[in-house]
Amino acid sequence: MASMLKLNQQINTKTMVDTKVKQLQPNAEKVLKEGSGKEELIKRVQIKDSPFEVITQDGYSFGVMGNYRLTEKSNDAKEIAKELKKITWNRVIQIVMILDEVKNKINKEKV
């Protein structure tokens with residue numbers, strides 16, 4: 001259990017690389033737009049009892065786990081939250097692949 005907590009913490013603090021899984025993309029957009037001098041407003045809503053969050057930016061919302069985007073962009077944040085609460089095989093595979101990638105990255109850093 002402690003190792004899962006450690007992995008979850010590292011997911012939230014490390015920058016991840018792109019992995020090709022259905023709808024799995026890193027959430028790597030800059031918070032500061034180049035040349036604008038203004039910060040973008042980003043709203044984060046934690047999904048209760050889960051490692052997921054709904055990010056709303058520029059009127060679009062999407063679901064994330066750490067630095068990974070799990071859903072497509074949508075205009076409806078409530079629909080994204082509802083989708084993230086569902087336990088589907090696709091979601092299970094996404095999470096397993098994220099955790100495997102984080103584990104591999106940690107092992108590479110140790111060497």
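Is Arg-91 buried or exposed? I looked this up before anything else. Arg-91 is buried, with a relative accessible area of 6%. I note for the record that I am working with a predicted model.

**Entry 1: the partner of Arg-91**

I looked for a charged partner next. The side chain of Arg-91 meets that of Glu-83 in a salt bridge, at 3.5 Å from N to O. Glu-83 has 27% relative accessibility and counts as partly exposed. I keep the general point beside this: side chains of opposite charge can pair when their charged atoms come close.

**Entry 2: the layout of the chain**

I stepped back to the whole chain. I count 3 helices and 5 strands. Along the sequence they follow the pattern α-β-β-β-β-β-α-α. The chain has 111 residues, and buried residues make up 33% of them. I also looked up the contacts between residues at least 6 apart in sequence. Of these, 50% join residues at least 24 apart. The accessible surface comes to about 7800 Å². Carbon and sulfur atoms account for 56% of that surface.

**Entry 3: strands 2 and 3**

I went through the strand pairs in order. Strand 2 covers residues 42–46 and pairs with strand 3 in the antiparallel sense. I find 5 bridges between them. Gln-46 stands opposite Glu-53 of strand 3. The hairpin of these strands has 5 residues between them. Within this hairpin, Asp-49 takes a positive phi near 60 degrees.

Glu-53 came up again when I checked charges. Which residue forms a salt bridge with Glu-53? The partner is Arg-44, and the closest N and O atoms are 2.7 Å apart. I compared how open the two residues are. Arg-44 is partly exposed, at a relative accessible area of 48%. Glu-53 is at 18% relative accessibility, so it counts as buried, the cut-off for buried being under 20%.

**Entry 4: strands 3 and 4**

Val-54 stands opposite Gly-63 of strand 4. I find 2 residues between the strands in this hairpin. Asp-58 takes a positive phi here, near 55 degrees.

Why is strand 4 described as largely enclosed by the rest of the structure? The reason is burial: 5 of the 6 residues in strand 4 (residues 60–65) are buried.

**Entry 5: strands 4 and 5**

I moved on to strand 5, residues 68–69. Strand 4 and strand 5 run antiparallel and are joined by 2 bridges. The bridge partner of Val-64 is Arg-69 in strand 5. This hairpin has 2 residues between its strands. In the turn, Gly-66 has a positive phi of about 60 degrees.

**Entry 6: the nonpolar core**

The largest nonpolar core has 14 residues. Phe-52, Met-65, Leu-70 and Leu-84 have the most contacts inside it. Strand 3 (52–57), helix 2 (77–85) and helix 3 (89–110) each supply at least two residues of this core. Which element gives the largest share of this core? I find that helix 3 does, with 5 residues.

A search of the whole structure finds 3 salt bridges. I have already noted Arg-44 with Glu-53 and Arg-91 with Glu-83. Asp-100 and Lys-103 form another, with the closest N and O atoms 3.9 Å apart. Why are Asp-100 and Lys-103 separated by about one helical turn? They are 3 residues apart in helix 3. Asp-100 counts as partly exposed, at 38% relative accessibility. Lys-103 is partly exposed too, at 42%.

Which residues make the nonpolar surface patch of about 500 Å²? They are Ile-87, Trp-89, Val-92 and Val-96. Ile-87 is exposed, with a relative accessible area of 77%.

Notes: Residues are numbered from 1 along each chain as its sequence is written. This is a predicted model: local features need pLDDT of at least 70, side-chain atom pairs count only at pLDDT 80 or more; totals for chains, interfaces and linings use all residues. Side-chain values use heavy atoms; hydrogens and water are left out. A nonpolar core is a set of buried Ala, Val, Leu, Ile, Met, Phe, Trp, Tyr and Cys residues joined through side-chain atoms within 4.5 Å. Buried means under 20% relative accessible area, exposed over 50%, partly exposed in between (1.4 Å probe, protein chains only). Helices (H or I, at least four residues) and strands (E, at least two) are DSSP runs, numbered from the N terminus. Two strands pair if DSSP finds at least two bridges between them. A salt bridge is a side-chain nitrogen of Lys or Arg within 4 Å of a carboxyl oxygen of Asp or Glu. Patches are made of residues with over 30% relative accessible area and no salt bridge: like charges are joined within 9 Å, nonpolar side chains (Val, Leu, Ile, Met, Phe, Trp, Tyr) within 5 Å. Accessible areas come from the Shrake-Rupley method with a 1.4 Å probe; for residues, only the protein chains shown count as cover. Contact means heavy atoms within 4.5 Å.
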